[in-house]
Amino acid sequence: MNEPETEKGEPKTKKESRERHNCCVPQCSAVKTAENSLHVVPKDPVLRKKWAIAIKTGKDLSDKMCVCSKHFEENDFKKSLAAVQGTLKKRRLKPTAIPSLHLPKRSADRRKREARDDRAKKRANLKCLASTSEACVCDKSSETEVAEDGGGGVSTSDGDAGDAGWEDVRTLHTNDEEKLKNVGVQANLDSPGIFSSVLSSDKKLFSATGIHSIGLLDSLTIAFDKLAPASTFRNFSICTRDRIILTMMKIKLAVSFSSLAALFDLTIQTCCNYFYDTVLVLSRILKCMIVWPDKEKILKNMPKCFRNYKSTRAILDAYEIPVEKPKCIACRIKLYSHYKKNFTAKVMMVCTPSGLVSLCSSAFGGRASDKVVTQATGVYGLCGPGDGLMVDKGFDIDKECQDSLLALIRPPFMRSKTKKFSRAESVQCSKIARARVHVERVIQRVREYHILKFKVPWNICPYLDDIVVIVCALVNLGKRIMANDKY
């Protein structure tokens, strides 16, 4: 079958041919016919942009795209004698014509329209309430004038009933005035919090927010107010304590913003804004809880299981956090993990032998190797000559440790499928695994905060580094990994 040719004789591609004979408006399947003509998009960039916005393509229009005549009004076409007589083969558009008929309908447009209608109803209700209160005031003033002019000598049971009626009108007016006064006014920050009274015990507080005690919550609130005090330019609907609780509930339970909005009586967008702002401040407050201890302190708190590896300065392990599938192809390539067979973010965890988180890296894409993530943490420069780094088999950092004069403590490799470990190698594997298991327990505590356990939404990924800092700091502030008899 021969392909269609262009004016220069070159064959057209299937895409070019389709663009020339089909309407490019979404949700329109019209083709070129005798009654329905196609019109090429204008060359003027300003007018072309208006066309793209009108037909809602979501992308730039190419020179070969066409829009059918169904999307134009009759006034958009040029009038000529041939058009009146019906001898014109193709009607021509005016230079200022823009598509305005049979445009695509999107669900986002419907939601915006519904929200606009809701706001209009609220404004109408407020106006009705205001007019009602004004009418009550006018009626009261007119009745008062009548009573003063001609009702001075009347003192009957009907007069008592009239006094009771005055009480009803006065009460109604006061309530309406109070309602109008409170419209648009922010909540008082001195009022008791929404969830602060419910979370009365440390156990309930940790189950809901991951904060270990009420005293710690109070300390965070005081530090938050000092670091980010309330400004007159920005009012908050809830107090600082409740904003911290809202943020930590999102981190601990991974509940949706719509659920938090219902619990705290806020809008979804307000919940998102509070979460983004509070995460940044909490990260700055709790970052001091992740410290790199001295060698002497590590030796004083060395567990018994490390008696054969007393030179160990840090234990390294990487854990991957599942994230939502991105729309960008480049981001998909960087985030896809062949080990997890999913899109993940990789974070390096550096712990002391006693189980204290001493360093955590920034989030990398799941495609990044453990070698690259380890080098980004700067752990080689923090360790001194002769210090040991305990890692898993997947860490290929022999050269880096050799250059930094560090000892690499790693289980032996199985060089061939047929060869077995010797007795000494098996014993070495079990000893290293017995010592290294504590970093897995630290990671297990990190994953108790469900936002790092389940799939992270794409809009939260920019705040992933701050969330990791908050979680690791709270893990350090919790109970010890090992009991006292293990040291």
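Does Asp265 count as buried or exposed, and at what relative accessibility? The points below concern a predicted model.

1. Asp265 lies in the loop that joins helix H9 (257-264) to helix H10 (268-286). Its relative accessibility is 69%, so Asp265 counts as exposed, the cut-off for that term being over 50%. Although Asp265 is not a glycine, its phi is positive, at about 60 degrees. Most residues other than glycine have a negative phi.

2. Leu405 is not a glycine either, and its phi is positive, about 60 degrees. This residue is found in the loop between helix H15 (398-403) and strand E9 (407-409). Leu405 counts as exposed because its relative accessibility is 56%.

3. Helix H6 (residues 202-209) has Leu205, Ala208 and Thr209 as its buried residues. These residues lie on the same side of H6 because they cover an arc of only 75 degrees around the axis. After H6 comes Gly210, with a positive phi near 85 degrees.

4. The largest nonpolar core has 75 residues, and those touching the most other members are Met248, Ile251, Phe275, Tyr319, Leu452 and Ile467. Apart from this core lies another one of 19 residues, including Cys23, Val41, Leu47 and Ala52.

5. Leu452 deserves a separate entry. If its neighbours within four places in sequence are left aside, Leu452 is in contact with Tyr319, Ile321, Pro322, Val446, Arg447, Leu464, Ile467, Val468 and Val471.

Definitions and conventions
Residues are numbered from 1 along each chain as its sequence is written. This is a predicted model: local features need pLDDT of at least 70, side-chain atom pairs count only at pLDDT 80 or more; totals for chains, interfaces and linings use all residues. Side-chain values use heavy atoms; hydrogens and water are left out. A nonpolar core is a set of buried Ala, Val, Leu, Ile, Met, Phe, Trp, Tyr and Cys residues joined through side-chain atoms within 4.5 Å. Buried means under 20% relative accessible area, exposed over 50%, partly exposed in between (1.4 Å probe, protein chains only). Contact means heavy atoms within 4.5 Å. Helices (H or I, at least four residues) and strands (E, at least two) are DSSP runs, numbered from the N terminus. The arc is that of the directions from the helix axis to the C-beta atoms.
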